[in-house]
Every structure is written in structure tokens, then in C-alpha cells.
Amino acid sequence: MPLYKTITVSKAIQVYIWKVTESEAILAENIVLTEYCQNRMLNMKSEMHRRAFLSIRHLLKLASYEDKDLIYNEFGKPHLIDGKHISITHSHNFTGIIVSSANEVGIDIEKHRDKILRIAYKFTPIEEYSTIANSDARVRKLTAVWGAKESLYKIYAQHGLSFLNHINVKDFGLEDKKTTAEILYDGKKSDYSISFLEFEGFTCVFALREVDVL
């Protein structure tokens with residue numbers, strides 16, 4: 001069972017990461033899917049997507065849940081039937097979930113690719129990264145920023161939210177492994193803490209919504 005990593009963020013928050021190496025048949029063993037999820041799998045043409053989908057059900061089991069405990073709202077945002085927060089991600093052969101009984105959470109795994117240099121202007125003010133001379137470091141930092149914004153989008157889950165115009169990730173050093181962010185949308189502001197880690201040419205980012213203090 002290739003559970004790759006677990007991270008205890010706090011007593012209330014756990015991250016689980018899986019490296020997908022097994023066949024689809026092995027991953028399907030002892031996994032019971034709802035009719036809805038069975039239909040989703042049947043419509044997946046890519047075997048890798050099906051394997052990732054099943055590996056996430058193994059991560060749910062590690063967190064003491066089953067497929068039937070996972071529900072989705074009208075925006076496609078997943079929730080757990082007991083009221084806990086969950087976020088799900090997959091990229092190539094890595095999948096991950098974050099489960100929280102406190103803060104709203106989001107998670108994203110991204111592969112380091114040079115393509116991000118060409119599309120960065122779509123999601124962040126690219127001039128902020130012009131001083132990073134090393135191309136590899138620039139790819140790694142932009143990947144962390146993209147992952148952070150993906151994680152925040154998963155938490156907020158509102159149509160019309162713009163990565164470029166509404167989500168601001170505060171500057172950070174790659175060695176910091178953390179930063180903060182805010183979303184300014186529809187006249188409302190919300191604050192978040194961001195953490196990230198790198199492994200095997202990937203970056204995993206997870207975000208926690210800061211609890212408002214009244």
C-alpha cells in the first residue's frame with residue numbers, strides 16, 4: 001500500500017498523500033463505490049484517472065471514511081457526511097486529501113513544468129518574479145503560487161472568482177514552506193494560511209481558512 005506521506009497539520013487537520021503504482025484491479029479490491037461514483041468511473045477514458053480515483057478511496061479509508069461518506073454541493077465542492085471539511089487533489093501519479101474538523105481546507109498537487117512560465121500572467125502579476133534569475137526556482141515558485149490559488153479556489157467554490165484579480169498570495173521564499181493569502185471578492189475579505197512541500201518534481205500545497213475572531 002503506497003501511502004506516500006501523512007502530515008498532521010494540527011489535532012483537527014490531517015493530510016494524506018498516495019503514490020499511485022498499483023494496477024486498477026488491485027486498487028479496486030475492497031472498495032465499494034456508490035452508484036454515482038461508479039458512473040463517474042465508467043465515464044473516465046483514462047486508466048490513470050481511474051487508478052487515481054480509486055486511490056483516493058483508499059485515502060478516505062485511512063481517514064476512517066468510505067465513498068458513501070463523500071457528498072458534493074451544487075458547485076462540485078466535496079463534503080463529508082459527518083460535517084467535516086475535505087479537499088481532494090490528483091496530479092499524474094500522486095493523489096491527496098486533507099480532512100479537517102475545524103477550518104475550511106483546500107489542497108492541490110502540481111507537477112513542475114516549464115509551461116507554467118508561459119501561462120503565469122493569467123494567474124499572478126508576473127513582474128513580481130522577474131528578479132528570480134534561476135529558471136528552475138522560478139518554475140518551483142510559480143507552481144507553489146498556482147497550487148495555493150487552486151487550493152483557495154476549492155475552499156471558496158464560487159463561480160466568477162478570478163485567480164488573478166481576487167486571490168492574493170503574499171510573497172514568500174521557497175525555503176519558507178509557508179505564506180498567507182487573502183481573497184477579496186464581492187465586497188468580502190477572507191484570510192488564509194498556506195503551507196507547501198516539494199517531492200519528486202511535484203509541489204503539494206494546502207490552505208486553511210483563518211477562523212474569524214468576533
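Predicted model: local features only at pLDDT ≥ 70, side-chain atom pairs only at ≥ 80, totals over all residues.
Where is Ala157 found? Ala157 sits in the loop between α5 (135-156) and α6 (163-166).

**Stop 1: two residues with positive phi**

Stay on Ala157 and look at its backbone. Its phi is positive, about 50°, although Ala157 is not a glycine. Most residues other than glycine have a negative phi. Ala157 has a relative accessible area of 13%, so it counts as buried.

Now select Asp186. The loop between β9 (178-185) and β10 (188-199) holds Asp186. Here too phi is positive, about 55°, and Asp186 is not a glycine. Is Asp186 buried or exposed? Asp186 counts as exposed because its relative accessibility is 65%.

**Stop 2: Val15 in strand β2**

Go to strand β2, residues 13-19, and pick Val15. Val15 counts as buried because its relative accessibility is 0%. Which residues does Val15 touch, leaving out those up to four places away in sequence? Show Lys5, Thr6, Ile7, Val9, Ile97, Ile98, Ile107 and Phe206. Each of these is in contact with Val15.

Val15 and His159 are 144 residues apart along the chain. Their C-alpha atoms are separated by 26 Å.

**Stop 3: Arg57 in helix α3**

Select helix α3, residues 47-62, and find Arg57 within it. Is Arg57 buried or exposed? Arg57 is buried, because its relative accessible area is 4%. Now display its contacts, again skipping residues up to four places away in sequence. Arg57 touches Ile31, Leu33, Cys37, Arg40, Asp67, Leu70 and Tyr72.

**Stop 4: salt bridges**

How many salt bridges does a search of the whole structure find? The search finds 13. Visit some of them in turn.

Start with Lys19 and Glu200. Their side chains meet in a salt bridge, with 2.9 Å from N to O. This pair links distant parts of the chain, 181 residues apart. Lys19 is in strand β2, and Glu200 is in the loop between β10 and β11 (202-209). Lys19 is partly exposed, because its relative accessibility is 23%. Glu200 is also partly exposed, at 45% relative accessibility.

Move on to Glu104 and Arg209. Their side chains form a salt bridge, at 3.5 Å from N to O. These partners also join distant parts of the chain, 105 residues apart. Glu104 lies in the loop between β6 (94-100) and β7 (105-111), while Arg209 lies in strand β11. Glu104 has a relative accessibility of 24%, so it counts as partly exposed. Arg209 is partly exposed as well, with a relative accessible area of 23%.

Then select Lys68 and Asp69. The distance from N to O in their salt bridge is 3.7 Å. Asp69 has a relative accessible area of 12%, so it is buried. Glu66, Lys68 and Asp69 are linked in a network of salt bridges.

**Stop 5: a charged patch**

Which residues form a positive surface patch? Select Lys111, Arg113, Lys115, Arg118 and Lys122 together. These residues make up the patch.

Focus on Arg118. Arg118 has its place in helix α4, residues 115-119. Arg118 is exposed, because its relative accessible area is 59%.

Methods: Residues numbered from 1 in each chain as written. Heavy atoms only, no water. Patch = residues over 30% accessible without salt bridge, like charges linked within 9 Å, V, L, I, M, F, W, Y side chains within 5 Å. Areas by Shrake-Rupley, 256 points an atom, 1.4 Å probe, with all protein chains shown as cover. Salt bridge = Lys/Arg side-chain N within 4 Å of Asp/Glu carboxyl O. Lys, Arg positive; Asp, Glu negative; His and termini not counted. Charge placed at Lys NZ, Arg CZ, Asp CG, Glu CD. Helix = DSSP H or I, 4+ residues; strand = E, 2+ residues; numbered from the N terminus. Buried < 20%, exposed > 50% of the residue type's maximum accessible area, 1.4 Å probe, protein only. Contact = heavy atoms within 4.5 Å.
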